[in-house]
Amino acid sequence: MALKRNSAELFTQGLEPESINDVLRIWEQKFIEKLRKSLDDNDRVSTGTLQSSIIGEIKLAPSYAQIKIKANKYWKNVDEGRAAGKKAPPLSAMLEFIENRGIKPKNLNKVKNKDLAYKSLAYVLAQGIKKKGIKPTNFVSEAITKQDIADFKKDIAKAFKKGLK
């Protein structure tokens, strides 16, 4: 009986995988969980959109086994940061960020047009990011280490050696 997709915890309890696909699914789940936790640890969860977008794709061929981890396209900006002098982020993204973080414009209670006050704040923040950039979080390299990759390779090799299919 093959392990179910979200059963990485079974592997950690000493149960042996019954197929190479089991090993791949176990590691896929481990990598996803580690990346999501790393985003939490780096305080980079605003809406949870990036975190929930992290998914795996397994490819198994006679000559290789691969896990491809995918996420929303802005993962790279979160991981590697954003260089100063590049294009400002879209105002819609900044408005969403402001709302999710509970950021309020100064003197909001004195302003007649609250919508304009939020848009102005979003613009100022976007221009600040354009000018100064964003520091990298390195959430990927912190989550998936060289040791993880070595252990993954070892488990796959062991499965091939055992003749699991």
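## Contacts of I67

Leaving aside residues up to four places away in sequence, I67 touches L24, W27, E28, F31, E57, I58 and F152 (contact means heavy atoms within 4.5 Å). The model is predicted: local features need pLDDT of at least 70, side-chain atom pairs count only at pLDDT 80 or more, and totals for chains, interfaces and linings use all residues. Residues are numbered from 1 along each chain as its sequence is written, and side-chain values use heavy atoms, with hydrogens and water left out.

## Nonpolar cores

I67 belongs to the largest nonpolar core, whose 9 residues are I20, V23, L24, W27, F31, I67, F152, I156 and A159. A nonpolar core is a set of buried Ala, Val, Leu, Ile, Met, Phe, Trp, Tyr and Cys residues joined through side-chain atoms within 4.5 Å, where buried means under 20% relative accessible area (1.4 Å probe, protein chains only).

Two or more residues of this core come from each of α2 (20–41) and α8 (146–162); helices are DSSP runs of H or I, at least four residues, numbered from the N terminus. The most, 5 residues, come from α2. A second, separate core has 8 residues, among them L35, L39, L50 and V78.

## Largest pocket

The volume of the largest pocket is about 970 Å³. On a 1 Å grid over the protein atoms alone, a pocket is an open set of points where a 1.4 Å probe fits, with protein on both sides within 12 Å along at least five of seven lines; lining residues have an atom within 4 Å of a point. The volume is the space filled by probe spheres set on the points, which are joined across faces, edges and corners.

Of the 30 lining residues, Y74, V78, A93, F97 and I134 are the closest to the pocket centre. The largest share of the lining, 6 residues, is from α5.

Conventions
Buried < 20%, exposed > 50% of the residue type's maximum accessible area, 1.4 Å probe, protein only.
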